[in-house]
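Here are my notes on this entry, as numbered points. Please read them with the structure open.

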Amino acid sequence: MRSLITGGAGFIGSHLAEALIARGDQVDILDNFSAGKYEISGSRIVRKDIRDDSIEDDFYSIERVFHLAAAPDVKLSLSDPNNTYYNNVEGTFKVLEFMRKKDIGHIIFTSTSAVYGNAKIPTSEEEITAPISNYAASKLSGEAFISAYSSCYGIKATVLRYANIFGERSTHGVMFDFYNKLMSNPDELEILGDGNQEKSYLYIKDCIDATILAAEKQTKSFDIFNIGTEEKIRIRRIAELLCSGLGLSPQFKFTGSEAWKGDVKLMLLDISKIKALGFSPKYSFEKGLDNYIRFLKTS
Ligand SMILES: NC(=O)c1ccc[n+]([C@@H]2O[C@H](COP(=O)([O-])OP(=O)(O)OC[C@H]3O[C@@H](n4cnc5c(N)ncnc54)[C@H](O)[C@@H]3O)[C@@H](O)[C@H]2O)c1
């Protein structure tokens, strides 16, 4: 099987590339290296933007596209909505056009739990989508174009709505933010919001297992899967575990009731649909965090 991974130099994409190569797949990577920096050995790397029309001349015999390239930061989507729009909406549209012209039959798209907004939990795939951030809106637009291209041009589509993903190589999200703050001031930790936000965090290796499983076991021509864990963790608890893993005991400083505009305070996905395909997370939050802390300390 020959797969193209857009965003394959980034956090999740680089792990996915390694996992596919380990299975014996041929892997092509398309990344503009705006955020990613990993050049996975055994892959064929094209250093371009997903919106660049010339990519049509760069790839041959691709059977499926894992489309991960995106501006993934919710907070930044508030201060720079143009960047979110061009990378995520226009970018996804261009990837679909590339696939249509090259007759590539399957897209696997990394969407987000944020498309549900402040929904009741645990949130199933049937729940109404109601984005409260530009990032979530951009991902939902991507899903809509994918649904249309699947229906109009027969492209099989696997939409994955990820919870928060964490682990080695991650360069955004709450743990990375806390770690950097603690490295510059080990005596005080600023926690955005009141620390009572509760969300689901899935370790990267489990995320990759679920991603490949969904891509390979899906039977319908278009389907959506929630990818996450069955437990939620309070932000304050993450701060405590991270500090204890680093041997620090800083003073916590909370910024107020809302962490940032567009933050979903309570997030837990109903993952029974991906479990029915055989998925079961293997890593506890604590084990995943230990691995991530070890990575942060040595990188
Ligand atoms: N990390 C999470 O918690 C999480 C949760 C839900 C969904 N997702 C989605 O998973 C995907 C991967 O996220 P990540 O955490 O690995 O982020 P990341 O920033 O590490 O990876 C994104 C990669 O895409 C590349 N890229 C960005 N814009 C590009 C463009 N226009 N052309 C070519 N390459 C481009 C970047 O250089 C980077 O290598 C994203 O689509 C993100 O929205 C991530």
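This is a predicted model: local features need pLDDT of at least 70, side-chain atom pairs count only at pLDDT 80 or more; totals for chains, interfaces and linings use all residues.

1. Helix α4 deserves a look next. Residues 134-153 form α4, which lies across β5 (106-112), β6 (156-162) and β11. Here the angle is about 155° to β5.

2. Now the sheet itself. Seven strands make an open sheet with parallel pairing, in the order β3-β2-β1-β4-β5-β6-β11. β3 (44-46) and β11 (222-227) each have a single partner strand, so one side of each is left without a neighbour in the sheet. On average, neighbouring strands are turned by 20° against each other, direction ignored.

3. One pairing in detail. β1 (residues 2-6) and β2 (residues 26-30) run parallel and are joined by five bridges. L4 has D28 of β2 as its bridge partner.

4. Domain 1 covers 2-166 + 202-227, and domain 2 covers 174-199 + 231-267 + 283-298. Their centres, taken over C-alpha atoms, are 27 Å apart.

5. What does domain 1 bring to the contact with domain 2? It gives 16 residues, which are in contact with twelve residues of domain 2. On the domain 1 side, α2 (74-79), β7 (164-166) and α6 each give two or more residues. The largest share, three residues, comes from α2. By class, that side has eight nonpolar, five polar and three charged residues.

Notes
Residues are numbered from 1 along each chain as its sequence is written. Two strands pair if DSSP finds at least two bridges between them. Helices (H or I, at least four residues) and strands (E, at least two) are DSSP runs, numbered from the N terminus. Axes are lines fitted to C-alpha atoms, for helices over the stretch in contact, and angles run from 0 to 180 degrees between N-to-C directions. Two residues are in contact if their C-beta atoms, placed from the backbone, lie within 7 Å. Domain bounds come from an automatic or database domain assignment. Ala, Val, Leu, Ile, Met, Phe, Trp, Tyr, Cys and Pro count as nonpolar, Asp, Glu, Lys and Arg as charged, and the others, Gly among them, as polar.
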